[in-house]
Amino acid sequence: MDLSKVLGLIILGFVPFIHADPIVIAHRGASGYLPEHTLAAYERAIDQGADYIEPDLVITRDGEVVARHDIYLSTTTTVAQVPAFRSRKKRIGDRLDWYVEDFTLAEIKSLKARQAFPGRSGEYDGRFDIPTFQEVIDLVQRKQIETGRKIGIYPETKAPSHFESLGFDFAELLIAVLEKNNLNELGKPVLIQSFEPEILKRLSGMTQLPLVMLVRPASPDALHTPNIELDQIARFADGIGAMKPLLMDVHGESTGLIERAHELGLFVHAWTFRDDAYPAEIFDSAKHEVRHFLAIGIDGFFTDFPDSGVKVRDQFVEANRIGR
């Protein structure tokens, strides 16, 4: 990692060997309360004190970057309720659905968002639009002026190889939006994440912004082994976003992955913490779970409930400050 990149990470507080408070990342916005990836959910997360909001990004037929968790639309939008779109349904792999690349931005804007998580209230279904990445940035910039706070953006490139097969250059589209908003600069509060290493390798030559490799268990029988080796990740990324079982075993002990990542200069952000879904066989509350992961050394975490996450993080930081 070059010196300028290290300096940028120091500015953002993401160099593991330099003390910084762990960050709270609003997973899909305040998705525990409102339909995910809507301006309302992002604004709620900011108002609740999240350090970063996380827009997952996909691409429309006319090349616009919009915020959705999946390339298909049925689970998070009202697309199934629009008779004019019935013929757009198609099969990719095992899934028969409506896919974002078959819709223009104008058509996407005719849909509304709905709650996707089982058991959560559908009270706000049908109320909110699907935002573009530019609209998300506009919201963040407005809230920064209103609050005087630095608010970070943590975009994820969803299925970049899928969009590449359709003729879209995801890296170019992403960087173009960041450049337009003067965000593709060293020290700006933006982190770029992906499950696909190839786009991060390419982006490493296009930006000085921190890059985050998302990792999951290699297999159901190897829950504590990442699907990509850490030493490989360290060649092109600055941190990892790790699924929780990679970091902690069933007894609540560190698996050692955090320590190995830190030795390689990688920061570690864990996903995903939910007040309404946590391992009750290990922890007596969601707050207890977050507190325990902070104690074993994570540098930040994704949560559907930013208010709870901020409260636990602040209590943890204050307790450790007093302890020192």
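## Surroundings of Arg 28

Arg 28 touches Glu 36, His 37, Ala 41, Tyr 42, Glu 54, Asp 56, His 69 and Arg 274, leaving aside residues up to four places away in sequence; contact here means heavy atoms within 4.5 Å. The model is predicted, so local features need pLDDT of at least 70 and side-chain atom pairs count only at pLDDT 80 or more, while totals for chains, interfaces and linings use all residues. Residues are numbered from 1 along each chain as its sequence is written, and side-chain values use heavy atoms, with hydrogens and water left out.

Arg 28 sits in the loop between strand 1 (23-27) and helix 2. Helices (H or I, at least four residues) and strands (E, at least two) are DSSP runs numbered from the N terminus. With a relative accessible area of 14%, Arg 28 is buried. Buried means under 20% relative accessible area, exposed over 50%, and partly exposed in between, using a 1.4 Å probe and protein chains only.

## Helix 2 against helix 4

The axes of helix 2 (residues 39-47) and helix 4 (residues 133-147) come within 10 Å and cross at roughly 30°. Axes are lines fitted to C-alpha atoms, for helices over the stretch in contact, and angles run from 0 to 180 degrees between N-to-C directions. Helix 2 and helix 4 are therefore roughly parallel to each other; angles under 35 degrees count as roughly parallel, over 145 as roughly antiparallel, 65 to 115 as roughly perpendicular and the rest as oblique.

On the helix 2 side, the contact is made by Leu 39, Tyr 42, Glu 43, Ile 46 and Asp 47, which meet Glu 135, Val 136, Leu 139, Val 140, Arg 142 and Lys 143 in helix 4. The residues of this contact divide into 6 nonpolar, no polar and 5 charged. Ala, Val, Leu, Ile, Met, Phe, Trp, Tyr, Cys and Pro count as nonpolar, Asp, Glu, Lys and Arg as charged, and the others, Gly among them, as polar.

## Strand 13 and its partners

Strand 13 (residues 239-243) has 4 of its 5 residues buried, so it is largely enclosed by the rest of the structure. Strand 10 (residues 211-215) runs parallel to strand 13 and is joined to it by 4 bridges; Met 213 stands opposite Ile 240 in strand 13. Strand 13 is also joined to strand 14 (residues 267-273) by 5 bridges, again in parallel, with Gly 239 opposite Phe 267 in strand 14. Two strands pair if DSSP finds at least two bridges between them.

## Ile 175 in helix 6

Ile 175 lies in helix 6 (residues 170-180) and counts as buried at 7% relative accessibility. Leaving aside residues up to four places away in sequence, Ile 175 touches Asn 184, Leu 203, Met 206 and Thr 207. Ile 175 and Met 206 are 31 residues apart in sequence and 7.8 Å apart in space, C-alpha to C-alpha.
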